[in-house]
Amino acid sequence: MARIVVVGSISMDQVTVTERRPEPGETVLGRGFEMVPGGKGANQAIAAARAGAEVGFVGAVGNDLFAGRLREVLDAAGVDTTRLRTTDGPSGIATIIVDTSGENSIIVVPGANARLTELTDADLAAIAAADVLLCQLEIPIETVLAAARHARAHDTTVLLNPSPVQWLSPELWACVDIAVVNEGEAEQLGSALEPVAHVVTTRGGAGARYRGPDGEFASPGVTVDVVDTTGAGDTFTGALAAHWHEGPRTALAWAGAAGALATTKLGASASIPHRAEIEHLLARQG
């Protein structure tokens, strides 16, 4: 069983379903509304745990009404929340509009995630003892760099999902062993990805591509009835981290199946499949 530490974001997703997403200045009627715990870090932590890994989470919630529910959803997934801290002010939130085709638009307000500015000795010890450090970019970049630098110094594999895309220092890229990006992010980052040993590019329903020291290959997509794509990329990334120790081909198969299953339900964390569901889909695919 892989030991994974996620240093990342956690937020409350406020999901509105509409026939179509509004144009600028336009008002449309919604068909449904739900509040679902999310945040890229929390989603990936839950996905890794449900895919079979031992997962610890380093993050921050506020002292508002959302904080308790956000902690509960990690606990329920078996994620260790010992290092989830509480800060003054609001928790992070995301406003998500989903149309009937399953496509979405998202606005993120960082809240407590922006206040995750220091790593404690206990945080660093957990990173050093882990097999994989998993990070995203919804927390301060300085915190991501500190975590990645410590992981590299202790031979912990660093998996970065560089989203939302932004400029990163060469020092941070030099610490990254695996990068997971979608096609748009890959195009935006361009040559910045060249120093990374393993690059996985997700392609939605078309599957994913891998580039690594031993060459390249494509992992096919999985056909499912899409309801909501929110969190599918995070589910893919968490499952990939959980099975990376089995090699890129096996890890991508698990990740692709998990990501596809995540699109069949509404919401981010609520749609993340459990190991048995992923195994069933993999067996059905042969």
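**Group meeting: strands and a listed site**

Let me start with a strand pair: β6, residues 92-98, and β7 are joined by six bridges and run antiparallel. Within that pair, I97 is the residue opposite S105 in β7. Please keep in mind throughout that this is a predicted model.

Now the sheet that these strands belong to. Its four strands come in the order β3-β2-β6-β7, the sheet is open, and the pairing is mixed. Which strands stand at the edges? They are β3 and β7, the latter covering 104-109. Each has a single partner strand, so one side of each has no neighbour in the sheet. On average, neighbouring strands here are turned by 15 degrees against each other, if direction is ignored.

Next, strand β4 and its partners. β4 spans residues 54-61, and seven of its eight residues are buried, so the rest of the structure largely encloses this strand. Which strands does β4 pair with? One is β1, residues 3-7, in the parallel sense over five bridges. In that pairing, R3 is set opposite E54 of β4. Another is β5, residues 84-86, again in the parallel sense, over three bridges. There, G59 has L84 of β5 opposite. Between β4 and β5 the chain passes through helix α2, residues 66-76, and this β-α-β crossover is right-handed.

One remark on strands as such: in a regular strand, side chains alternate between the two faces of the sheet.

Now to the record. An unreviewed UniProt entry lists S11, M12, D13, G39, K40, G41, A42, N43, E138 and D234 under "binding site". Which of these take part in the lining of the largest pocket? From that set, the lining includes S11, D13, G39, K40, N43, E138 and D234.

I will pick out two of these residues. D13 first: it belongs to strand β2, residues 11-18. Is D13 buried or exposed? The relative accessible area of D13 is 5%, and the cut-off for buried is under 20%, so D13 counts as buried.

Then G39. This residue sits in the loop that runs between β3, 30-38, and α1, 40-50. G39 is buried as well, at a relative accessible area of 7%. What does G39 touch, apart from neighbours within four places in sequence? Its contacts are S9, I10, S11, D13 and E138.

Notes. Residues are numbered from 1 along each chain as its sequence is written. This is a predicted model: local features need pLDDT of at least 70, side-chain atom pairs count only at pLDDT 80 or more; totals for chains, interfaces and linings use all residues. Side-chain values use heavy atoms; hydrogens and water are left out. Buried means under 20% relative accessible area, exposed over 50%, partly exposed in between (1.4 Å probe, protein chains only). Helices (H or I, at least four residues) and strands (E, at least two) are DSSP runs, numbered from the N terminus. Two strands pair if DSSP finds at least two bridges between them. A crossover is right-handed if, with the strands pointing away from the viewer, the path from the first strand over the helix to the second runs clockwise. UniProt positions are given in the numbering used here, feature names are shortened, and annotations may be inferred rather than shown by experiment. On a 1 Å grid over the protein atoms alone, a cavity is a set of points where a 1.4 Å probe fits but cannot get out, and a pocket is an open set with protein on both sides within 12 Å along at least five of seven lines; lining residues have an atom within 4 Å of a point. Contact means heavy atoms within 4.5 Å. Axes are lines fitted to C-alpha atoms, for helices over the stretch in contact, and angles run from 0 to 180 degrees between N-to-C directions.
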